[in-house]
Amino acid sequence: MIAYIKGELVILEEDRVIVDVGGVGYGIYMPGRAMSALPPIGSEVLIHTYLNVKEDAMQLYGFLTRDDLAVFRKVITVSGIGPRGGLSILSQLSADDLRFAVMSGDAKAISKAQGIGTKTAQRIIIELKDKIDLEDMIHTPGNDDISNSVQSDAVDALVALGYSKGDAFSAVKKIEITENMDVEEVLKKA
């Protein structure tokens, strides 16, 4: 398996990029969100990849973060969702937005992706609800372990009080956590 490709970005197409690695150009399909975040042509890029092997093709799918790749891998485990469907979903929603939509049961947000209808979105929610970890949802770049721990504890406390995981996560996520905040303060603000 090819874990990542690191090389010079040489071509941007509609739904894929070509990365030159030692004179070999790798075509990598990427979600629209990731493609819009790429550096200019000629820059060095590192793209985390998933190799999909079919009887008539071998295709690379790429992501700028390992987190996006992990969510993609979970999405394509849903029956009826292939790599193209996974790309479509991750073009519409960020990894965190998709996690939140799954945890809160928001089929409408997922069905905004091209080629994903309401029934398919509901199937995604049902099949991924148990695979999405609350700790993954709380992970946000830039937060340290202390604030992640405080967020996690606050969400757990709200769930214990009877709120759904999705509602608890949404309330806690809206709060800007500072270094000296404890769980009690976060609960009051939530």
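Helices here are DSSP runs of H or I with at least four residues, and strands are runs of E with at least two, both numbered from the N terminus. Welcome to this predicted model, in which local features need pLDDT of at least 70 and side-chain atom pairs count only at pLDDT 80 or more, while totals for chains, interfaces and linings use all residues. Residues are numbered from 1 along each chain as its sequence is written, and side-chain values use heavy atoms, with hydrogens and water left out. Let's look at some salt bridges and at one pair of packed helices.

- Side chains of opposite charge can pair when their charged atoms come close.
- The structure has 5 salt bridges, each being a side-chain nitrogen of Lys or Arg within 4 Å of a carboxyl oxygen of Asp or Glu.
- One of them joins E44 and K6, with an N to O distance of 4.0 Å.
- This pair connects distant parts of the chain, since E44 belongs to strand β4 (residues 44–53) and K6 to strand β1 (residues 4–12), 38 residues apart.
- E44 is exposed at 57% relative accessibility, whereas K6 is partly exposed at 45%; buried means under 20% relative accessible area, exposed over 50%, and partly exposed in between (1.4 Å probe, protein chains only).

- R99 bridges to D67, and their closest N and O atoms are 2.3 Å apart.
- Because R99 sits in helix α4 (residues 95–104) and D67 in helix α2 (residues 66–75), the pair ties together parts 32 residues apart in sequence.
- R99 also pairs with D96, here with 2.8 Å between the closest N and O atoms.
- D96 and R99 share helix α4, where they are 3 residues apart, about one turn of the helix.
- Through shared partners, salt bridges join D67, D96 and R99 into one network.
- Within this trio, R99 is buried at 3% relative accessible area, while D67 is partly exposed at 27% and D96 is partly exposed at 21%.

**How α2 and α4 pack**

- The axes of α2 and α4 are 9 Å apart and form an angle of about 40°; axes are lines fitted to C-alpha atoms, for helices over the stretch in contact, with angles from 0 to 180 degrees between N-to-C directions.
- The two helices α2 and α4 are therefore oblique to each other, a term for angles left over once those under 35 degrees (roughly parallel), over 145 (roughly antiparallel) and 65 to 115 (roughly perpendicular) are set aside.
- D67, D68, V71 and V75 of α2 make the contact with A95, D96, L98 and R99 of α4, where contact means heavy atoms within 4.5 Å.
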